[in-house]
Amino acid sequence: MGARAAPSRRRQAGRRLRYLSTGSFPFLLLLLLLCIQLGGGQKKKENLLAEKVEQLMEWSSRRSIFRMNGDKFRKFVKAPPRNYSMIVMFTALQPQRQCSVCRQANEEYQILANSWRYSSAFCNKLFFGMVDYDEGTDVFQQLNMNSAPTFMHFPSKGRPKRADTFDLQRIGFAAEQLAKWIADRTDVHSYIHGSSQAQFVAESHIILVLNAAITMGMVLLNEAATSKGDVGKRRIICLVGLGLVVFFFSFLLSIFRSKYHGYPYSFLIK
């Protein structure tokens, strides 16, 4: 009787083994498909991230600050995946907005972004963008933002915190202060090339030289009109004076036009 029971137990164990083998096969297949799907999803995320970073690097190679509408803001700033930080200036630069503070803050922001773009530390971990109210009204509404200019840091992971909004009212918007704030939020340090004070002095000297050249032209025109010398000599003086006035006045207008976007007037040089 004991001899008969042993084969019976072996047959039962074999049936249980076959049952376990056939019963676990769908589970193993499901687990394999899940792993393949997860691997494909991860690969898709990596490809999407690589495309986004490549596009941002291309824009940065042309301009230190790239402008964004609502679609670009949502794709490159809000939507995952991201492994980079974004500094965004929300502003209103159109002439009809009459925001003089926006223009001043934009100049400081340009100094900051240029200093980062052309520094040896430049990499694909930090980018500078801008959203103008007239180009991204929906972004302002989405963020419940009703004032400009505003600077915000969007970290590579997680949502912006309170400290990720620059305290412009208390600190001001000098490029040096913005750089310090960015270093605190991102651990990225950038040396500011040409502070606002130095830029103001340099611009003042340039304008002084241009006005001196225009004044010299006016003096020569007056000399040609009032002197009683040789007619040919007076004609040459007149042409030289007229050339000085026309060229340097045109150059002065072009500088003003480049600094204040939307300025409608130009002469010869645009």
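Modeller: A residue is called buried under 20% relative accessible area, exposed over 50% and partly exposed in between, with a 1.4 Å probe and protein chains only. Strands (E, at least two residues) and helices (H or I, at least four) are DSSP runs numbered from the N terminus. This is a predicted model, in which local features need pLDDT of at least 70, side-chain atom pairs count only at pLDDT 80 or more, and totals for chains, interfaces and linings use all residues. Residues are numbered from 1 along each chain as its sequence is written, and side-chain values use heavy atoms, without hydrogens and water.

Consider strand 3 (residues 126-132): seven of its seven residues are buried, so the strand is largely enclosed by the rest of the structure. In a regular strand the side chains alternate between the two faces of the sheet. Here Leu126, Phe128, Met130 and Asp132 point one way, while Phe127, Gly129 and Val131 point the other way.

Two strands pair if DSSP finds at least two bridges between them. Strand 3 pairs in the parallel sense with strand 1 (residues 65-67) over three bridges, and Met130 is the bridge partner of Arg67. Strand 3 also pairs in the parallel sense with strand 2, over seven bridges; there Asp132 is the bridge partner of Thr91.

Thr91 belongs to strand 2 (residues 85-91) and is buried, with a relative accessible area of 0%. Contact means heavy atoms within 4.5 Å. Leaving aside neighbours within four places in sequence, Thr91 is in contact with residues including Met130, Val131 and Asp132.
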